[in-house]
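Subject: A structure for you to look at

Hi there,

Here is the structure I promised to pass on to you. Have a look at it first, and then read on for my notes.

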Amino acid sequence: MAQAVAESDIDLWSDENLSNPYPTYAKLRDQAAVVRLTQSDVWCLTRYDVIKEALNDWETYSSVKAIGFNDGVNDALQGTTLASDPPMHTQLRAALTENLTPKALRSLKDSANEIADRIFKELVAKGSFDAVEDVACILPLNIVVDLIGVRDQYVRDNILTWGAAAFNVLGPMNARTGMNFPVAGELYGWCSQITQDKLEPGSIGYAIFEAAKRGEIPEDAPPHIIHQYVAAGLDTTVSTIANAIQMLGENPDQYAMLRENPDMIVATINETLRMNALMVAQGRRTTKDVEVDGTLIPVGSHIAILFGAGNRDPRHYDDPDTFTIERNPFDHLSFGFGVHTCAGQGLARMQITAVLEALIRNVKSYSLGTPVRKINNSSLALEHLPVTNVVGA
C-alpha cells in the first residue's frame, strides 16, 4: 500500500528560491523522493535514481503538453521535439540532430577556437571583464546564429533576449511569466514566419527545410525545430560557460589542476554541469497511476523533474556540494537522459571546450567579484560575473 504523500508549500518559482534553489532542493530531497507542492499542484522528483528512471520512461512520463508549468506555453510548444513523444519525437529529433554529429561539428571547431582565443587575448590586455557579457554570450551568439543561417540583423541583435524569455515562460503563470510572454512571442512569431529563402544556403536551418521538402519531417516542422535551436541552444550554453568560469575562479586549486592537465576539460565541463543544473525544473505528465518509492502518483499528474536536486544527491555522489574536477560525473542529469537527452549537447560541449582551452592557454590566474544571479523561471544562470586581477599566461 502506498505511503502518505509528502507535501510542501514551497514555491519553486519565488525570487528567493530562483536566486539560489539548492537549499530548497536539499530540503525537498531530504523530505522524500517524491514531494507534492501544494501551491502549484505539481509532484517533484527530488532524488537521482527516481529522476533518472522517470527520464528513461517516456511512456509513463509524457512530454506532451507537460514541459512547461502553464497551459499557454504547453500549447505553444506542441509539435516540437521537446514536447513530443515517440514516434513523432524520433522523426523530429532526426532532423534536429542530422547536422549536429561530431563530423558535422568538426568544421565549426576551428571557428570556435579562433573566436575564443581572440576574446581572451583582448580581455587579458584589459585586466578585468564580465564573464557573462564579454565571454559567455559572445561565442554562442556567433556560432549558433550562423549555424541556423540567420541573416536578419534585428534577429541577431534580439535573439539572446528572446531565448531568455522563452525560458521564463516555462514557469507557472506568475508575474514573470506574464511579462515575458510578449517577448517570447516575438521569437515564436519570427520562427513561425521564417522561410528557407531567409536563411543562408548550407546552414542547418536551410537543411531542415530541405528535409521537409523530402517528406522526412512534417511540412510545418521546420519553424518548430528552429525555435528549439534558439530557445534551448543559446541560453544553456551561455549559462554553462559562465558557470565554469565561476567554479574555477572560486576553486583556484582546481583551476591550477586544469592548467596542468588540459585533458581534464571534459571532466571540468561534467562537474560544472553537475554542480549547476541548467533548469529549475522540467515538466512531464503521468499517463497512468505510478508508484515511486512508495508514493502513488495519480494518472494525469504534472511532474516537476528537479535536475539540480538529483545532481547533488548524496545517495549518488560523495560530498556533492564540493566542486572537484577529478570526479568527472559523466552521468550527471543536466543534459537529461533517455530519448529526450539534449540533442545539442555536442554543439554545447564544443563551444564550452573552446572557451576553456582558450582560458587556460591565455590566463594564468584571476579573481572574481560578486556574481549576480539572473532571476528566471526556468534558466539557472548568471546575469553578471565580474572577473578581476587577470594575469596573462
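The protein chain holds 17 helices and 13 strands (DSSP runs, H or I of at least four residues for helices and E of at least two for strands, numbered from the N terminus). Please keep in mind that this is a predicted model, where local features need pLDDT of at least 70, side-chain atom pairs count only at pLDDT 80 or more, and totals for chains, interfaces and linings use all residues. Residues are numbered from 1 along each chain as its sequence is written, and side-chain values use heavy atoms, with hydrogens and water left out.

Now the overall picture. The C-alpha trace of the protein chain spans about 65 × 50 × 35 Å along its principal axes. Of the 393 residues, 56% are buried (under 20% relative accessible area, with a 1.4 Å probe and protein chains only). Among contacts (heavy atoms within 4.5 Å) between residues at least 6 apart in sequence, 71% join residues at least 24 apart.

Is Gln282 buried or exposed? Gln282 counts as buried because its relative accessibility is 10%. Its side chain makes a polar contact with the side chain of Arg284 at 2.8 Å (a pair of N or O atoms within 3.5 Å, one able to donate a hydrogen and the other to accept it; residues adjacent in sequence count only if both atoms are side-chain atoms). Beyond its neighbours within four places in sequence, Gln282 touches several residues, including Ile67, Phe69, Leu82 and Phe307.

Happy exploring!

Conventions. Buried means under 20% relative accessible area, exposed over 50%, partly exposed in between (1.4 Å probe, protein chains only).
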